Amino acid sequence: VPMVAPGNVQVHVINSTLAKVHWDTVPLKTVRGHLQGYKVYYWKVQSLSRRSRRHVEKKILTFRGNKTFGMLPGLEPYSSYKLNVRVVNGKGEGPASPDKVFKTPEGVPSSPSFLRITNPTLDSLTLEWGSPTHPNGVLTSYILKFQPINNTHELGPLVEIRIPANESSLILKNLNYSTRYKFYFNAQTSVGSGSQITEEAITIMDE
């Protein structure tokens, strides 16, 4: 098997899900056989928004031939990763380069995990929601938009409310009685807005 590990391993983080890794080729005499390529082992150490550690699943990408760089797609935003590089010949893999740590930046969050609308009164509705399963960063706020829908399914004016990220419920007041409303709800990080979920609810006709 090859005798030495690739040297001068460098990671260039391109965005929240993509990184480029560079390395120096090994001297051909240390390959001790036919150089087939390089293998990059990489794994997520932890999410920076949650401190939980889980089973570490190592991923491997093989780059054929005498390459000196490779792309690592499909990374998770706002996470800490480690990687190392090994040279491969027809017999197997050489030793691993020292582990290199890199971090991906924040991305946009996934949609809130749920939105429930309860306690209808003449002029109010109560909204409850769950935080995104994948915050992909530090949540800065939630954005709620809503508008009335009339009997011919025409949409009325859109109202937008920004809600602090640490809130999980809201009572909407001063609504019209016996009116159907459509709600659009999403979470935000400093990068931008995540995908939204929608719900509809009706205020009651009379007490």
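## A residue and its surroundings

Begin by selecting Ile 197, which you will find in strand E14, a strand covering residues 197-202. Bear in mind, as you look, that this is a predicted model. Which residues is Ile 197 in contact with, leaving aside its neighbours within four places in sequence? Show Ser 111, Pro 112, Phe 114 and Leu 115, and then Phe 183, Tyr 184 and Phe 185, because contact here means heavy atoms within 4.5 Å and these are the residues that Ile 197 touches in that sense.

## An open sheet

Now select the strands E8, E9 and E12, which form an open sheet in that order with antiparallel pairing. At the edges are strand E8 (112-118) and strand E12 (169-172), each of which pairs on one side only, and from one strand to the next the twist averages 20°. In general, the strands of a sheet pair through backbone hydrogen bonds, either parallel or antiparallel. To look at one pairing in detail, zoom in on strand E9 (residues 125-132), which is joined to E12 by four bridges, and find Glu 128, which stands opposite Ser 169 in E12.

## A pocket

Finally, select Ile 149, Asn 150, Asn 151, His 153, Ser 178, Thr 179, Arg 180 and Glu 200, which line the second largest pocket. That pocket has a volume of about 150 Å³, and its lining residues divide into one nonpolar, five polar and two charged.

Methods. Residues are numbered from 1 along each chain as its sequence is written. This is a predicted model: local features need pLDDT of at least 70, side-chain atom pairs count only at pLDDT 80 or more; totals for chains, interfaces and linings use all residues. Side-chain values use heavy atoms; hydrogens and water are left out. Two strands pair if DSSP finds at least two bridges between them. Helices (H or I, at least four residues) and strands (E, at least two) are DSSP runs, numbered from the N terminus. Axes are lines fitted to C-alpha atoms, for helices over the stretch in contact, and angles run from 0 to 180 degrees between N-to-C directions. On a 1 Å grid over the protein atoms alone, a cavity is a set of points where a 1.4 Å probe fits but cannot get out, and a pocket is an open set with protein on both sides within 12 Å along at least five of seven lines; lining residues have an atom within 4 Å of a point. Grid points are joined across faces, edges and corners, and a volume is the space filled by probe spheres set on the points. Ala, Val, Leu, Ile, Met, Phe, Trp, Tyr, Cys and Pro count as nonpolar, Asp, Glu, Lys and Arg as charged, and the others, Gly among them, as polar.
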